[in-house]
Amino acid sequence: MGFAAGALIMMVYGYDPISAYRALFSGAFGDLYGFSESLANATPLILTALTFAIGFRGGMFNIGAEGQLYLGALAAVTLSLLHLPPAMVFALSLICAVLAGAIWSLPVAILKATRGVHEVISTIMLNWISQFLAFYLIANILVDPMRAEKTISIAEGVRFPVLVPGTSLSYGIFISLFAAIIVYLFLWRTVIGFDIRAMGHNAMAATYAGIEKWKIIVFVFITGGFTAGLAGAVHVMGRPPTYAVYSGMPSITGLGFEGLAVAMIGRNHPIGIIISGIFFGGLLAGGRIMQLFAQVPLEMVRVVEGIVVLFLAIPELIRLFSFLRKMGPIVIFRSKRSSDEDRRRL
Amino acid sequence: MNLAFLRGIFIGSLHAMVPITLTATGEVIGESSGLFNIGLEGIILMSAMTGALGAEAGGPIAGLLIGVATGAAIGLVFGSICTYFKGVQLIAGVGINLFAAGLVTFWLIDLGVPGHHAVADEGQMVDISTPLGDLSPMIIVAFVLPVLTYILLFRTKLGLKIRAVGENPQAADVAGINVHRLRLLSTVVGASLAGLAGAYISVDWMGSVTKEISAGRGFIALATVVFSGLNPMLVLLGGFIFGFFDNLAVWVSTMPAVQRVIPWQFVSMAPYIVTLLVVAGVIGRVRFPAAMGIPYERE
């Protein structure tokens, strides 16, 4: 449906939707190069989607991945200032990025738990604050002395090695997949994960059962911050050619919000998120091809995303989709239990 | 000199408060009826774009009206999804924001210069001269609308109905009120005001469109609504506070002396930090309609 609306908009602006979509999909999944680029784009999206999904499972609407990702990326860049053995810097970069994301989500958790501030407002405000903080850091502290328009690059031995030569795909994708599995185990195989889902399912019943709400809030936002911060680090440490953040942050803005769309389409389940993350990564990779060959601006992809999310808000439609999906092959990836749960939630 | 200086800050704050006040007033109506629209940011962005184009085609008034129409149209989509289709309001709102961010950037590229489009001079609104200085006529609108909204919500039968569907939709339904229709109506009216705010930004205040022109004002307006506790009169006060800090960054950019001490990036953070602090400070004493954010389903 989103694609149909996208086609309509392209026609209104005088583009040819059929050749655009052909370029989009062949560019995304047509060959090894395209598919590698899709996976490369999926790498941070899967992680920011996990941020949103953890919140959503706990009944919270965490849209702070955007800002937490900026800080994660810049924390990783900062660590490259250190003159230590590369392996050590590599580990420290990841750890500091994860912590930066968590620290940035802490105010949200504190304000929600103690003052009842709605997380939508606090996360958006923190996103803007972090954007200006990032601008400051990029222009003043982390600036590349040779090229003023970007930060210093991640040091040579600290980068994720490229997985498929000639593409942007790095070993960072394994971090994303690993994180998705960890989040799955965390939410479905631990006590605190059960409590989080119980809180999201029925907050009143969970409270009566003795689950402390503030604890859930803190856990949800801290773990969300972990994956969002990691997303920033993995992106900047695994993205050729420059391994740096440019002023204005064109390469990382939007990754947090796109993660939200990825999570929604992946039904807020880590396995679903991997699939939809690769799909969205493909849209972005194919979008570049589309821009090149059909002259349709890449932003069209974002328009389609917006429409898809808008319609995903409708519970009846989701029920229809999960019915259709049962017929399709995707059912293998989704356990019956989770789909039943989804239906009850909405 | 000093007085002229203070007057400059005051006038700047007045201009900056208009979009926040208008959007927040609209959202007060929407939230009173029980719908929480976080798509306001997207509505402001979209109508800034359409309003600018409308103003170039048919003058500033046409631009503002097209902004209102854009807001109403998006409000209609959002409202229908969240009433008749029982959609999840937060998700639908985010969908609007993503859609608007994508489409406006796309549109700006389509217009030629990527990322920025200046509104032609004949499309821009002319300020009126007052003893205080040059003021936009929209400032008057921003002061009058909250008062009218207050009268609507607390002094008319329709206002009572709107508050009833927000507070207890079951009871309102039993009393013969069409819950979905009234909620849809309130949201459309609220969204049109956000549309007016968006068109004001591009046609009148800034005189140009960028892909980040809304700059979080939709969310600051949501915070203003929280601050006001759904009282349109307090929206005026909240709007002025946020307008002041919004204007601060512009004002500091004209003063190199201050900029040497505090980098501009930190000054630009001010409106967002203030919003966070204000919201954290007032929450707890405000009360929202009991059924806010919950789709209404007939038993």
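Helix α6 (residues 119–141) of chain A packs against helix α11 (residues 264–282) of chain B at an angle of about 160°, with 9 Å between their axes. This is a predicted model, in which local features need pLDDT of at least 70 and side-chain atom pairs count only at pLDDT 80 or more, while totals for chains, interfaces and linings use all residues. Residues are numbered from 1 along each chain as its sequence is written, and chains are lettered from A and ligands numbered from 1 in the order in which they are written.

Axes are lines fitted to C-alpha atoms, for helices over the stretch in contact, and angles run from 0 to 180 degrees between N-to-C directions. α6(A) and α11(B) are therefore roughly antiparallel to each other (under 35 degrees counts as roughly parallel, over 145 as roughly antiparallel, 65 to 115 as roughly perpendicular and the rest as oblique). Their crossing is left-handed, a term used if the near helix is turned anticlockwise from the far one by less than a right angle, with right-handed used if clockwise. Residues making the contact include Trp128(A), Phe132(A) and Tyr136(A) of α6(A), together with Phe266(B), Met269(B) and Tyr272(B) of α11(B); two residues are in contact if their C-beta atoms, placed from the backbone, lie within 7 Å. By class, this contact has 14 nonpolar, 4 polar and no charged residues (Ala, Val, Leu, Ile, Met, Phe, Trp, Tyr, Cys and Pro count as nonpolar, Asp, Glu, Lys and Arg as charged, and the others, Gly among them, as polar).

The contact between the chains takes 39 residues from chain B and 37 residues from chain A. On the side of chain B that touches chain A, α3 (89–110), α8 (217–228) and α11 each supply at least two residues. The largest share of that side, 15 residues, comes from α3(B). Its residues divide into 28 nonpolar, 9 polar and 2 charged. Helices (H or I, at least four residues) and strands (E, at least two) are DSSP runs, numbered from the N terminus.

Within chain A, helix α4 (residues 65–79) and helix α10 (residues 213–237) pack at an angle of about 50°, with their axes 7 Å apart. α4(A) and α10(A) are therefore oblique to each other, and their crossing is right-handed. Among the residues that meet are Leu69(A), Ala73(A) and Ala76(A) in α4(A) and Gly225(A), Gly229(A) and Ala233(A) in α10(A). The residues of this contact divide into 14 nonpolar, 6 polar and no charged.

A loop of chain A also deserves a look. Arg267(A) lies between α11 (255–265) and α12 (270–293) of chain A, and Asn268(A) is found in the loop between α11 and α12 too. Phi of Arg267(A) is near 55°, a positive value in a residue other than glycine, and phi of Asn268(A) is near 55°. Arg267(A) counts as buried because it has 25 C-beta neighbours inside 10 Å, and Asn268(A) counts as buried with 23 (buried means 20 or more other C-beta atoms within 10 Å of a residue's own, exposed 12 or fewer, and partly exposed in between, with C-beta atoms placed from the backbone).

In chain B, the buried residues of helix α5 (residues 157–167) are Ile162(B), Ala164(B), Val165(B) and Gly166(B). These pack against α1 (2–32), α4 (137–155), α6 (169–174) and α7 (179–205) of chain B. Chain B has a mean pLDDT of 79, pLDDT being the predictor's confidence in each residue, from 0 to 100.
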